[in-house]
Amino acid sequence: MTHKRNLTMGATLAGALVSGGLALTGSAAAAGTHEVRIAASDDAYVSATRLAYNTGQADKLVAGRIAGETKVAFLKFRVGALATGSAITGAELKLVTDGHAVPGTLTVSRVADTTWSEKTLTAANDPAIGTAVAQLRPAADATVVRVNVGALVTKPGVYSFAVKSSAVGDAARFLSAESGAEGPSIKLTVRQPVVASPSTPAPRPTTAQPTTPAPRPTTAQPTTPAPQPTTAQPTTPAPQPTTAQPTTPAPQPTTAQPTTPAECTTDAKLVPSCGVLWGAAAGGFSDTPRDQALKEWEQASGRTAAIFHQYHKGDELFPTRAEIAMTRDAARPRVLLINWKVAEGTTWAKVAAGEKNARIDRLAAHLKANYTDRFFLAPHHEPENDVNPAAGSGMTAKDFATMYRHVVTRLKAQGVQNAINVLAYMGNEKWMAQSWWPSLYPGDDVVDWIGLDSYVSAQPGAYHYGDFANLLDRAPTGGGLGFYDWATTKHASKPLMIAEWGVYHSTTRTADKAAVFNTVLPTLRNRPGIKAMVYFDCEQDDEGDRNISISSSPETLTAFRKIAADPIFNVRLR
């Protein structure tokens, strides 16, 4: 998929590889040689216990054995044609960790079958793994793993590798090409032929061109007096009243409003008149019943969750008896937020075409007979992970939008009037940058709330390390509106829900989450479009490598309890 494989091209050098998808490091390894970096054209991992599980769009690669589930990563690289007389004299595979310690011994093996695709790779169709190219045991604190594959990568062609780990109860985790950071790559050392030297004058005019006087006037222009008045303008009195405005009493009543809980109530769409709805999904990826996990989480955090977040798929009927009991607790009133993957076992296009109408109608009958309370419904949250932009796939962004509209309108036609519809996006820069991303939105008439599922790392140097604002303001790769600004300007009439949020660190490297939690309340007061936020709490995520618990350390819990105690969350459900 070219949208994520493009690497920045360095200066053009004679004798370098001439096909697309390559980037020169810009340094010479020796006289007559150059280093060239190639990004993986495909990368994914498979699970021995989830045979149909595809991870081609995941932001990491996993290898190891966790909870009885063995995972193997696959990589593919395309080496283009060489200039006449050039030769590859060395090749090094590079994998960058996600900040998690690298456990066990890694085995990198050749995969002869190079026809597999990250879009379709699963354990049910993964290629046979051949002989080992290398075995190594990285240091526990290694951030980069390098493997010499020079004996295999010797000429143009397609090369495929499998990465296994001997780790049991843990796994090695590396950034994928989809991570938005540096994914897997191979560094080639390419020797240029000696006979190419006489022809070297050709590049010299090219390198000489930038030294012509043309750029100098360009650099001289900024020194002209024109910019000086520009820089002088901000010193005029005009901006000062602007910066003074925030110090006026206007914002203070806004933060003061939550101190009168009786006045903060919800309307017909569960939008609070002031303040922010507080919610959680607790016990994720554990065997603890979700209602019990939420009650324990509420006790730990010091506040009842106004929103009880649950997950269902396919033909599962909801709410369950336990979920209904949680929302009808008179002492602790709650409202449900249900993520429903209605297209389980099929495609969005087929759902939109009516293939699963019986499934939708069965749920409608269940709701009408058992549950008429208002609840949030998010049909297929985080759709970006499942988009396949290929025409006819049934899983394009437009297919999702059509499916979403079909589900909402059919439920209403069947008499379901208590579902408040949420469109839950992912907070990831690479997705917002896709050409198909705007097509996911099905229309204001079928969307009641815009949701955001977004997480931030408390571990310095890790992927998405930052504060609470970073979680909200991620902008498309290449530039554009951040998510919060996009939602509140493009769809200003829609309340914004942080439908999943959390602060994490590696399960093997505890970091201070308190530093991030301390930025939550100041950020909220500068983001009035946020009307609800739902924490996703688990001691380890589905890959077993991220701790998102509010109780990972005493300092973390103390900081989180300060958030929970703030009167901004004193909203009465009605």
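1. Lys-60 is buried, with a relative accessible area of 7%, where buried stands for under 20% relative accessible area, exposed for over 50% and partly exposed for the range in between, computed with a 1.4 Å probe on protein chains only. The model is a predicted one, in which local features need pLDDT of at least 70 and side-chain atom pairs count only at pLDDT 80 or more, while totals for chains, interfaces and linings use all residues. Residues are numbered from 1 along each chain as its sequence is written, and side-chain values use heavy atoms, with hydrogens and water left out.

2. Lys-60 forms a salt bridge with Asp-541, the closest N and O atoms being 3.6 Å apart; the term requires a side-chain nitrogen of Lys or Arg within 4 Å of a carboxyl oxygen of Asp or Glu. Because Lys-60 lies in strand β4 (residues 60-66) and Asp-541 in the loop between β20 (530-537) and β21 (546-547), the pair ties together parts that are 481 residues apart in sequence. Strands (E, at least two residues) and helices (H or I, at least four) are DSSP runs, numbered from the N terminus. Asp-541 also counts as buried, at 9% relative accessibility.

3. Which residues are linked with Lys-60 in a network of salt bridges? The network holds Asp-170, Arg-173, Asp-541 and Asp-545 together with Lys-60. Within it, Asp-170 and Arg-173 form a salt bridge whose closest N and O atoms are 3.2 Å apart, and both of these residues are buried. The structure holds 19 salt bridges.

4. A further salt bridge joins the side chains of Lys-269 and Asp-448, at 3.4 Å from N to O. This pair links distant parts of the chain, with Lys-269 in the loop between α6 and β13 and Asp-448 in the loop between α12 (429-432) and β18 (449-457), 179 residues apart. Lys-269 is partly exposed, with a relative accessible area of 39%, whereas Asp-448 is buried at 12%.

5. How many disulfides does the model contain? The count comes to one disulfide, under the rule that a pair of cysteine sulfur atoms must lie within 2.5 Å. Cys-264 and Cys-274 form this link, with their sulfur atoms 1.8 Å apart, and it is left-handed, with -110° about the S-S bond. Cys-264 and Cys-274 are 10 residues apart, in the loop between α6 (251-256) and β13 (277-282).

6. On accessibility, Cys-264 is buried with a relative accessible area of 0%, and Cys-274 counts as buried at 8%.
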